[in-house]
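Here's a quick briefing to read with the model open beside you. Start with the picture, then work through the notes below.

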Amino acid sequence: MDRLSDAAVEQFIAVRRDIHRHPELAFSERRTAALVAAQLGAWGYEVTTGLGGTGVVGQLKRGTSNRTLGLRADMDALPIAEATGAAWASCAHGVMHACGHDGHTAMLLAAAHHLAQHGRFDGTLNLVFQPAEEGGGGALKMMEDGLFDRFPCDAVFAMHNMPGIPQGQLVFRSGPAMASSDYATVTLHGHGGHGAMPHKATDVVVAAASLVMALQTVVSRHVDPLQPAVVTVGAIHAGEANNVIPAEARLEISVRTLDPQVRRSVEQRIRELVQLQAQSFGVCAEIAWRAGYAVLVNDDQQTARALAVARKHFPADQINPQGPMVSGSEDFAFMLERVPGSYLFIGNGADGEPGACMVHNPAYDFNDHNIAPGAAYWIALVNELLSPTP
Ligand SMILES: [Zn+2]
Ligand SMILES: [Zn+2]
């Protein structure tokens with residue numbers, strides 16, 4: 001099996017900690033992107049920078065096959081003040097790598113380094129380092145800049161660490177794996193008036209209150225009970241004084257689903273309820289729908305291939321072939337809408353062990369013990385999927 005040398009493991013732990021020390025927010029990953037580009041270039045990759053803002057693609061061709069493979073890592077950090085106390089803690093005030101994207105970048109660089117020296121593959125390898133996974137949709141921005149037109153991929157894969165799972169465990173899942181996240185702002189327009197003369201007004205507060213309750217039926221009465229979905233009204237704003245009926249009310253709604261069809265149907269039902277509720281109270285409604293990340297759906301066939309590689313190169317107790325769905329969202333979902341592939345998790349540490357602190361927490365840190373198995377998995381995947389003797 002292809003493993004990193006001890007020296008290489010140390011080298012890329014140092015790279016991980018260097019990136020950790022210098023975290024950069026979405027679309028500002030200039031130092032990180034420059035570091036990635038310089039290393040890939042030095043190892044013989046053809047490097048393209050500036051894709052989707054600060055995205056980087058490193059391409060390595062071997063042999064004569066026209067098969068292509070894409071591996072993706074994310075590079076951005078979060079607006080969180082670090083509280084790990086680590087020697088390699090963030091030097092940037094209020095910014096930290098609290099989701100382990102420093103580790104994802106380092107694992108993929110470690111694999112890139114090894115593959116450039118020892119890769120036994122036949123085909124084209126595209127390594128995608130994307131900006132702005134944390135809400136900015138950097139994956140989509142790279143695709144809008146022609147990612148898959150300029151660097152076609154037969155399949156794409158990505159790996160994310162996950163606290164609460166034993167360190168180094170590889171978790172696969174076929175089918176829907178992570179939630180869509182959509183947002184809507186509903187504005188109700190009525191006719192304001194005196195609180196003592198409601199018959200001279202059309203009251204948006206009563207309409208908004210009724211709408212909040214009506215929205216509770218979307219999940220409980222409209223969606224298949226065996227399908228997960230969340231509709232949350234997270235903010236409601238109307239009025240200033242007890243004796244004034246306001247003319248406007250605003251509701252902020254957040255929607256999560258784990259199935260593309262349920263996603264469409266929930267949006268449709270919310271739009272209907274907003275209009276019909278507003279109508280029944282004699283007020284007008286506007287709805288501004290903002291589509292967020294899509295449902296992340298792992299391709300069955302590509303997931304089976306990814307799992308088969310793990311089974312060939314890793315012990316069985318280090319593999320979970322069908323993990324649970326995760327209610328978080330991930331913009332790799334957009335890449336999977338375009339190219340078949342699969343997204344897997346690597347355990348960052350079981351509960352009670354180092355690495356168990358959840359991502360997006362000020363005390364979280366990527367587990368450096370994952371540099372070796374994470375890179376080894378990428379190396380095995382490339383050598384198997386682009387095997388010279390298919
Ligand atoms: Zn995150
Ligand atoms: Zn993340």
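How many residues does helix α6 have, and how far does α6 reach from its first C-alpha to its last? Helix α6 (residues 204–222) has 19 residues and reaches 25 Å, close to the 27 Å expected at 1.5 Å a residue; that expected span is 1.5 Å times one less than the number of residues. Keep in mind that this is a predicted model, where local features need pLDDT of at least 70, side-chain atom pairs count only at pLDDT 80 or more, and totals for chains, interfaces and linings use all residues. Residues are numbered from 1 along each chain as its sequence is written, chains are lettered from A and ligands numbered from 1 in the order written, and side-chain values use heavy atoms, leaving out hydrogens and water.

**Helix α6**
- Helices here are DSSP runs of H or I with at least four residues, strands are E runs of at least two, and both are numbered from the N terminus.
- Val 204, Ala 207, Ala 208, Leu 211, Ala 214, Leu 215 and Val 218 are the buried residues of α6 (buried is under 20% relative accessible area, exposed over 50%, partly exposed in between, with a 1.4 Å probe and protein chains only).
- An α-helix has 3.6 residues a turn, so residues three or four places apart point the same way.
- The cover over the buried residues of α6 includes β8 (180–189), β10 (229–238), β12 (248–257) and α7 (260–280).

- Glu 134 sits in the loop between β4 (123–130) and α4 (138–144), and His 360 in the loop between β16 (341–350) and α10 (371–385), so the pair ties together parts that are 226 residues apart in sequence.
- His 360 counts as partly exposed, because its relative accessibility is 40%.

- The buried residues of α1 pack against α2 (30–42), α3 (101–118) and α10.
- The largest nonpolar core has 65 residues, of which Leu 40, Tyr 45, Leu 71, Phe 129 and Tyr 377 touch the most other members (such a core is a set of buried Ala, Val, Leu, Ile, Met, Phe, Trp, Tyr and Cys residues joined through side-chain atoms within 4.5 Å).
- α10 gives the most to this core, with ten residues.

Conventions: Contact = heavy atoms within 4.5 Å.
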